[in-house]
Amino acid sequence: MEEAYIASTVKQFKYYKSLGEKTISQLSFSELQWSPHVESNSIAIMVKHLVGNMLSRWTHFLTEDGEKSWRNRDDEFVDSYNSKDELLEAWHNGWDCLFEAIMPLNEIDLEKIIFIRNQGHTVTEAINRQLAHYSYHVGQIVFLGKLIKGSQWQSLSIPKGKSTNYNQEKFSKPKGKRHFTDDL
């Protein structure tokens, strides 16, 4: 059961990582830096925040508080990337840190207590917390990407007007246990 949970969450994290990457790939560096309002975050800033959070939460995940003393969260909301390549390198470093932390977990680890800002969480609760947090921000990234690209946006899900075709293809397969990301 626990192995199934870990495998499922790894797939979910990989799915949200891929949505972010598919969005970033459609945008220029200047588009990644654009925000709709001075008080809004650009995609670049959201990436920087996600990376900062991932590195803090997942470094020494089982043995140290998830809010590291070296993290400067306020700086995550100041765009300092110099290129799209630099942004992508940071993005990959954050996700690598996450996957290196959760992939070796086992059922005994899931009930261990870890801390985030001195608040205790089971490992399962901490994983769920971060999965919700990252999907929230990746959704914002996708929305901004779609807003920026307008009619040039390449859909990351079922395109408008294509639901019938999509459902026909899904229902043409036999019933079976599969993860919704298996065909992506």
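Basis. This is a predicted model, in which local features need pLDDT of at least 70 and side-chain atom pairs count only at pLDDT 80 or more, while totals for chains, interfaces and linings use all residues. I number residues from 1 along each chain as its sequence is written, and side-chain values use heavy atoms, with hydrogens and water left out.

Helix pair. I looked up helix α3 (residues 43-58) against helix α4 (residues 84-102) and found an angle of about 30°, with the axes 9 Å apart. α3 is therefore roughly parallel to α4 (angles under 35 degrees count as such). In α3, the residues that meet α4 include Val47, Leu50 and Trp58; contact means heavy atoms within 4.5 Å. The residues of this contact divide into 15 nonpolar, two polar and no charged, with Gly counted as polar.

Strand pair. Buried means under 20% relative accessible area, with a 1.4 Å probe and protein chains only. β1 pairs with strand β2 (residues 119-122) in the antiparallel sense over four bridges; pairing requires at least two bridges found by DSSP. In the hairpin turn, arginine 117 has a positive phi of about 55°.

Loop residue. I found glutamate 76 in the loop between α3 and α4. Glutamate 76 counts as buried because its relative accessibility is 5%. Leaving out residues up to four places away in sequence, glutamate 76 touches Ile45, Lys48, His49, Gly52, Asn53 and Arg71.

Methods. Axes fitted to C-alpha atoms, helices over the stretch in contact; angles between N-to-C directions. Helix = DSSP H or I, 4+ residues; strand = E, 2+ residues; numbered from the N terminus. Parallel < 35°, antiparallel > 145°, perpendicular 65-115°, else oblique. Buried < 20%, exposed > 50% of the residue type's maximum accessible area, 1.4 Å probe, protein only.
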